[in-house]
Amino acid sequence: MSAIKTPADVLNLIKKENVEVVDLRFMDFPGLWQHFSVPVSEIEEKTFEEGLGFDGSSIRGWKSINESDMLVKPVAETAFLDPFTAAKTLVLICNICDPLSGEDYTRDPRNIARKAENYLKASGIADTAFFGPEAEFFIFDDIRFDQNEHEAYYHVDSIEGRWNSGRAENPNLGYKPRYKEGYFPVPPTDKQQDIRSEMLLTLQKVGVAVECQHHEVATGGQAEIDMRFSPLLAMADNLLKYKYVIKNVASRNNKTVTFMPKPIFNDNGSGMHVHISLWNGNTNIFAGDGYGGLSEAAMYAVGGLLKHAPALLAFTNPTTNSYRRLVPGFEAPVNLAYSRRNRSAAIRIPMYFTSPKAKRLEFRCPDPSCNPYLAFSAMLMAVLDGILNKIDPGQPLDKDIYDLPPEELAKVPQTPGSLREALEALRKDHDFLLKGDVFTPDVIETWIDYKLNNEVSAIDLRPHPWEFALYYDI
């Protein structure tokens with residue numbers, strides 16, 4: 001599909017492809033894509049300027065019932081043909097506006113990402129922030145869960161699950177990856193090569209550039225498909241396409257996908273290491289002759305990320321389940337330090353390539369449950385705060401973290417231990433997010449209140465099944 005840049009291009013594409021339906025998509029506050037569809041007769045050039053109305057009061061974290069009317073304004077350059085619908089459908093990602101003032105809605109996550117990119121340009125530091133997330137996920141064959149007043153359970157299953165090595169499968173053919181040994185085995189141990197390739201090829205059809213696909217470390221169908229880096233807003237759009245494509249390819253193969261960070265006990269969780277670099281034109285301003293081939297600006301960026309990491313995690317690791325993955329003593333990146341090699345450090349300096357164009361920071365804490373518009377924007381704001389205020393990142397942590405004596409390990413700060421701790425860190429440290437009106441006080445307050453009331457408190461009120469094993473007989 002040729003590049004779409006204007007509303008006229010969209011209308012020409014509709015005619016050329018005999019499109020029957022236009023699907024309008026936008027992001028709710030916590031981080032799920034929402035949509036409604038209209039016939040092509042409802043889309044004109046003026047639609048892109050005037051927008052279409054909908055009820056915003058039913059969208060999580062948005063308007064109250066007495067101020068519910070909102071507008072979606074389609075963005076022409078986001079157009080792609082939906083590969084899953086029966087009717088020929090064109091998808092348009094939208095911005096959200098207030099119908100009375102005409103202003104962009106402050107709680108629209110995509111609007112926050114747009115403001116973050118504008119703030120970067122206005123800062124004079126760089127003109128483009130490139131992001132490259134490595135989002136991991138699980139492909140399961142079955143998922144069941146429920147909780148009520150007197151019982152609670154979840155059940156996940158996968159033909160690859162090591163727990164099924166003794167199951168009567170008539171016949172059981174074996175080749176089930178051992179726990180923590182699922183990285184890179186060839187088929188038949190890797191039973192998901194074909195479905196991952198189908199996901200990869202479908203992503204390319206919707207305009208997402210893909211670099212590779214592979215099995216990940218955990219048993220039970222953990223996978224990763226790596227996208228080529230893009231500017232912040234475009235990458236956030238692409239991550240939503242990524243989730244949409246992967247879930248729907250799985251569904252049409254009678255499988256189910258989750259981006260939940262820790263769905264399996266006693267094996268690796270799903271992270272989303274995020275590669276970040278800042279560019280002026282064709283110059284990577286993170287490349288230099290300092291530690292790991294980084295520039296002074298890059299080192300200050302590291303300082304900003306480390307200083308604000310506890311608050312950042314409220315956006316980059318925004319679920320209670322996120323902190324089942326971020327547990328000290330394992331491979332998870334819980335140490336707020338930087339290193340060229342140490343993968344338990346929050347920030348790694350990739351050393352695969354020596355070219356200045358490849359120099360970047362890898363922020364390893366985030367996971368794929370995040371709202372990418374908010375997470376990437378918050379990361380960029382921390383990076384810029386580090387550069388503007390010349391925040392010293394301290395010394396690197398190049399020693400094996402597991403061999404550090406206790407007194408030395410105690411000096412290494414760690415990530416928050418729960419979503420509640422991350423939200424409290426955000427409450428105390430968010431001034432850097434308010435610069436340039438990128439995030440607003442209302443957005444910060446609403447995010448904290450929504451998460452505490454709808455997720456943290458909901459978990460606090462419910463007994464955990466393992467508590468019965470620990471405490472029933474006391």
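This is a predicted model: local features need pLDDT of at least 70, side-chain atom pairs count only at pLDDT 80 or more; totals for chains, interfaces and linings use all residues.
Colleague: How many bridges pair strand 10 with strand 11?

Modeller: Strands are DSSP runs of E (at least two residues), numbered from the N terminus, and two of them pair if DSSP finds at least two bridges between them. Strand 10 (residues 210-215) runs antiparallel to strand 11, and their bridges number five.

Colleague: Which residue in the turn of the hairpin has a positive phi?

Modeller: Strand 10 and strand 11 form this hairpin, with six residues between them. In the turn, a phi of about 75° belongs to Gly-220.

Colleague: On the strand 7 side, which residue stands opposite Glu-224?

Modeller: Strand 7 (residues 128-140) is antiparallel to strand 11 and joined to it by three bridges. Facing Glu-224 is Glu-136.

Colleague: Why is strand 11 largely enclosed by the rest of the structure?

Modeller: Look at each face of the strand: Gln-222, Glu-224 and Asp-226 are buried on one side, and Ala-223, Ile-225 and Met-227 are buried on the other. Buried means under 20% relative accessible area, exposed over 50%, and partly exposed in between (1.4 Å probe, protein chains only). Strand 11 (residues 222-227) is largely enclosed because its buried residues number six of the six.

Conventions:
Residues are numbered from 1 along each chain as its sequence is written. Side-chain values use heavy atoms; hydrogens and water are left out. Helices (H or I, at least four residues) and strands (E, at least two) are DSSP runs, numbered from the N terminus.
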